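Here is a short tour of a protein model with its RNA partner. Have the sequence and the 3D view open, and let's walk through it together.

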Amino acid sequence: MTTFKRDIAAVVAPATGLTLEAVESAITLPQHEGQGDFSFPCFPLAKSLRKAPAAIAAELAKTLQPPPGFTKIEALNGYLNFFVDKPDFARRVLSEIARSEAAYGDNGLGTGKRTVIDFSSPNMGKELAFHHLRGTMIGNSLSKVYRKCGYEVVRVNHLGDWGTSYGKLIVMFLREGLGEADLSGLTLEKLNALYRSFDAASKQDPGLEDEARRVFAQLESGDGWFRRLWSVFRDVTLDELKRLYSILGVGFDIYMGEAFFADRVDDVVGLLQARNLLKESQGAVVVDLSAFDMPPALIRKSDGSTLYITRDIAAALYRHTEYGFARCFYVVDNGQSLHFQQLFKVLELMGNEWHRQCEHIPFGLVLHKSEEGNWEKGKTRTGQASLLKDVLEAASEKILGIMAEKNPEVAGNSKLAMEIAVGALVFSELKNRRLNDIRFEWDQALSFEGDSGPYVQNAHVRLCSILRKAGLSPASLASMTLEGIRWELLKEASAVDLIDTLAQFPDKVAVSMESRDPCPLAQYALSIADGVHRFVHECRVLGSSKEKERLLLVAAARSVLGSALDLIGVPAIESM
RNA sequence: GCACCCGUAGCUCAGUUGGAUAGAGCGCUGCCCUCCGAAGGCAGAGGUCAUAGGUUCGAAUCCUAUCGGGUGUACCA
């Protein structure tokens, strides 16, 4: 794509007096038929040339020679429209895809740089709710996209395994008369129930909150029994967590929770003190941020225990010295933006120039309908938010029914049903821009029609099916010879459009990276699927006189669609 | 009050370093399986891009204000 733009720039720049870069970045892709394949708008030239844009375009169209690979240049509405030589375009695009395969779309933007991506990061003792899927899959996708751009990526799960919540769990555990003997059979459901009963009990007895804080303070100062309970609670949660991650196809390089940083907070306090940033206020130790129009950062509570910003400072310092990151991303919901503003400001005040390399990647909240009928942030503890495992299960069950109805060959394949369920749920999370709030409704979450994961997966399935019937494996692109391919035969509108779409993949990868949003790639997967469905509908592949050419396009489309699906975390299945 | 985010078709949303005639899906009206998978394709209806100003040759996109919705705002994470 960029090589085509560069070729155009080489012709246009000398004639207009603009730089190559200026021309290249001004070139756009036209939307409508008859406008060619690449356009250069002549409007900015009107002032310097003191001529109407339409006249400039007309004159340039007359005098310029089409660059190699182009057939003609036309002027229309003040635009200079460039028409590619279709067979040559097909040759260049498909050859490149065939040559690079899974590496197609790679770019070296991040070569030699390391990026830490902190995502998912759930709290221990609580079930994963549906809304955790968003951050988890955005982080998962971004880590793949950044890897594709050459970055070395460190995926960190910053577990919420420290804090007053543990005081609450321990208080309830003891209140219910449980002990060592009950630890072996402990489940995450039970821990969740403890949270709920704590909430109920503390409504009756507000003193319980204080007790929980006291217990946490004891835990933090090293109480052995409490430490033992904490450790079991954490393990129980982690087991269930990893079960769900494996269903989702998500992996982490490091599970390092807040507890790990708990005994580094004294160092943080020391550093803050050395910079003379600390101040006592209402019995607590804070960094005053009023000069920056922000509430103070609470470093230590009045009972001496720490808060999560203190541990986040410790974690940032640790990550910087340990990984020497070029970038450190925090994929956390938009509700925490003030926290991250405070965190980055404190890092700056501490004299860390690298605070600029830290970035909050916020995403919109999942809203649930309250009893009053308002849309608001769901709460796991009140049971208002839906659990991720329940949604996954309901989705795969429904899909199992659809499979039995549509394709007897795969009926009863529950593993496949789960892959389709994951594809559906993940795709619907990522097809919209990450900052949009999402309203959770069961019938919408379980809707698999239209622009959905299954639709995109189905396009991949059909390509695989054609390749299979041709006696080829889905990944057979590499083994196909380009010798004797008659490129001019790929001339039907659906074939031409599909090739055009495939050519855009590298640009979409870069856009997704720059915007730190998987959405452009999800939308792109959708447009490949559209193109695939139209192509296989219009153009018979097997047994056609153009079988060799069309089979190559099928294999190339399969390869690019597979890459796109992989980047957004939707399973690229081969039958359904 | 202040801060962050959102407002595009009846509904859910793409489109955003400013470019030509604003696009999908769902729902609605029809059409297409002796044809590699119909979880598909084709056609139709549906829009003052929240509102009002501004910048510009050009604004859904940038700036300002207003309205509406979500979230956060000192000892939870």
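## A hairpin to start with

Strands β2 and β3 make a hairpin in which 2 residues sit between the strands, and Asn77 in that turn has a positive phi of about 55°. Please keep in mind that this is a predicted model.

The two strands run antiparallel, and 6 bridges join β2 (residues 70–76) to β3. Leu76 stands opposite Tyr79 of β3. Tyr79 will come up again, being one of the residues closest to RNA strand B.

## Two domains

How is chain A divided? Domain 1 covers 2–84, while domain 2 is made of 114–262 + 316–369. Taken over C-alpha atoms, the centres of domain 1 and domain 2 are separated by 53 Å.

Another place to look is an open sheet of 3 strands, ordered β13-β12-β14, with mixed pairing. β13 (375–377) and β14 (438–439) are its edge strands, each pairing on one side only.

Strand β12 (residues 366–369) runs antiparallel to β13, and 3 bridges join them. Within this pairing, Leu367 has Lys377 of β13 as its bridge partner. As a reminder, strands of a sheet pair through backbone hydrogen bonds, either parallel or antiparallel.

## The second largest pocket

If you like to think about volumes, the second largest pocket holds about 850 Å³ of space. Its lining counts 28 residues, and those closest to the centre are Pro30, Gln31, Asp37, Asp497 and Asp500.

Which elements supply at least two residues each to this lining? They include strand β3 (79–84), together with the helices α19 (493–503), α20 (505–515) and α21 (519–538). By class, the lining residues divide into 9 nonpolar, 10 polar and 9 charged.

## Around the RNA

RNA strand B is surrounded by 73 residues, of which Ser39, Tyr79, Glu258, Lys301 and Asp451 are the closest. Of the atoms of RNA strand B that come within 4 Å of the protein, 65% belong to sugar and phosphate. Helix α18 (residues 453–469) gives the largest share of the surface near RNA strand B, with 6 residues. That surface has 28 nonpolar, 29 polar and 16 charged residues.

Some individual contacts are worth a click. A polar backbone atom of Ser302 is 2.8 Å from a base oxygen of RNA strand B. In the side chain of Asn407, an N or O atom is 3.4 Å from a base nitrogen of RNA strand B. Arg540, by contrast, places a polar side-chain atom 3.0 Å from a sugar or linking oxygen of RNA strand B.

Definitions and conventions. Residues numbered from 1 in each chain as written. Chains lettered and ligands numbered in written order. Predicted model: local features only at pLDDT ≥ 70, side-chain atom pairs only at ≥ 80, totals over all residues. Heavy atoms only, no water. Domains from an automatic or database assignment. Pairing = 2+ DSSP bridges. Helix = DSSP H or I, 4+ residues; strand = E, 2+ residues; numbered from the N terminus. 1 Å grid on protein atoms, 1.4 Å probe; cavity = no way out; pocket = protein on both sides within 12 Å on 5 of 7 lines; lining within 4 Å. Points joined across faces, edges and corners; volume = space filled by probe spheres on them. Nonpolar A, V, L, I, M, F, W, Y, C, P; charged D, E, K, R; others polar. Near = heavy atom within 4 Å. Polar contact = N/O pair within 3.5 Å; in protein donor to acceptor, adjacent residues only side chain to side chain.
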